Amino acid sequence: MASKLLLALSLSLLVSLAVRAENYRADARMGLRLSRNQQCRIQRISAVQPHHQIQSEGGLTELWDEMEAQFQCAGVVAMRNTLRPNALSLPNYHPNPRLVYIERGEGFIGVIFPGCAETYHGGEEASFEGRREGEQKEGGRARDSHQKIHRIRQGDIVVLPPGAVHWCHNDGSEDLVAVSINDLNHQSNQLDQKFRAFYLAGGVPSGQEQGQGKQEAGRESFHNIFGAFDAELMAEAFNVSPDIIRRMQASEEERGLSVMAHESMRYIRPEEMREHSRRSSSNENGLEESFCSMKIMSNLDNTREADVYSRQAGKLNVVDMHKLPILRAVDMSAEKGTLFPNAMLSPDWAMQGHTIVYVTRGNAKVQVVDHKGQSLMNDRVQQGEMFVVPQFYTSTAEAGNEGFEWVAFKTSGFPMRNQVAGYTSALRAMPLQVLTNAYQMSPNEARAIKTNRGSQTFLLSPTRAHGRKHY
């Protein structure tokens, strides 16, 4: 009896400690976000295009102006990368989490998690100079092994954790276009609010960056980290010839952040791989079972997983930490929305985090209002533009005659929105008398405010009285 009581007390203590630890992490995360010098003194919000660009051998990197007030408020940096067919985005890492949306094309991405095993084995590679004793061989040729590689396609949302090295290869016949949001306010970034990327190869080509006063900032942010190390010291670290290290250091100002793959890209692909199974091994550990095998992507174009669908208004697909658990660690999420012609989003505000909206198709009239009752945005947004809706600011959108599609990145792993109109809205949940007295209207008018949208929520279909002209 005593042993059972002791076991029960021990389990209770463990559960209590786990809850306390999770609450501590949540409080620390919130504290770190709020303690930054984050300025949300926005006078106006505008939908904007990228501010400057970096041209590389393998494609184009475009960046939005991180000093603009709306991006400073959200604490994010936005970028759009275009990879040409058979181009390789060079390996790099960053001190903040990044969410990537694949707008067009397909390819492969590798995300290197530290301490995880190389689970992809096989495939003969061409012989190369400098093979060392003990290296695996098959039929006189070297055999490669590496960590898992992921196939990416249009509509995918990909999570890149802070500090994880990643690379991307476009094996398709069209350009691969990826839009990314970097959350500089995340607790992992303890440097400052300046955007950085640490490249293991390549760098900003000399004289190639274009923009308004951003040349020096770009060159400071994107460099080959091996370039400044002593070649002899690195040769000792890798146990190779110093000449090999010098070739690793010499490419910084020549090809840029992405290159054309002149050598055959013979890595082990998911559809043809022989993945080494470790589940039956006696050396299993929790790191390999959870962290190393964690899913890093989900597709936002999957209609079957839509969270909201209306035949008259559109659809909405949200990927948060419940659908993709790795988002819990990076405290970000994303959604893909479609509004049919003249349909609209219910006016609402985000209760958790800021929202960064990227227009993927069509156009819409967007309005954003702040706590002073001032209109910060009342514009028509177009494809390729981006804007920020700060936390708790109320916004709405009405699609044009061609409809409206967007991807929204959120600085919260569990986003919540509070609606003004519709079935689950704040006004519908209020007593009738509250509305009649607050707005000095009749009970019938208040009842119309509460119920005229029926069971519609989030996405609102056009009404018969809809007669506004769209351009």
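A contact here means heavy atoms within 4.5 Å. By that count, residues 24 or more positions apart account for 77% of the contacts in the protein chain with a separation of 6 or more.

This is a predicted model, in which local features need pLDDT of at least 70, side-chain atom pairs count only at pLDDT 80 or more, and totals for chains, interfaces and linings use all residues. Residues are numbered from 1 along each chain as its sequence is written, and side-chain values use heavy atoms, with hydrogens and water left out.

Of the 471 residues, 45% are buried, that is, under 20% relative accessible area, with exposed being over 50% and partly exposed in between (1.4 Å probe, protein chains only).

Now the salt bridges, meaning a side-chain nitrogen of Lys or Arg within 4 Å of a carboxyl oxygen of Asp or Glu. The whole structure has 13.

Take arginine 417. Which residues does arginine 417 pair with? One is glutamate 335, at 3.1 Å, N to O. That pair links distant parts of the chain, strand S21 (residues 333-339) and strand S27, 82 residues apart; strands are DSSP runs of E, at least two residues, numbered from the N terminus. Aspartate 348 also forms a salt bridge with arginine 417, the closest N and O atoms being 2.9 Å apart. Aspartate 348 lies in strand S22 (residues 344-350) and arginine 417 in strand S27, so this pair ties together parts 69 residues apart in sequence.

Buried or partly exposed? Glutamate 335 is buried, at 2% relative accessible area, and aspartate 348 counts as buried at 10%. Arginine 417, at 26%, counts as partly exposed.

Terms used
Helix = DSSP H or I, 4+ residues; strand = E, 2+ residues; numbered from the N terminus.
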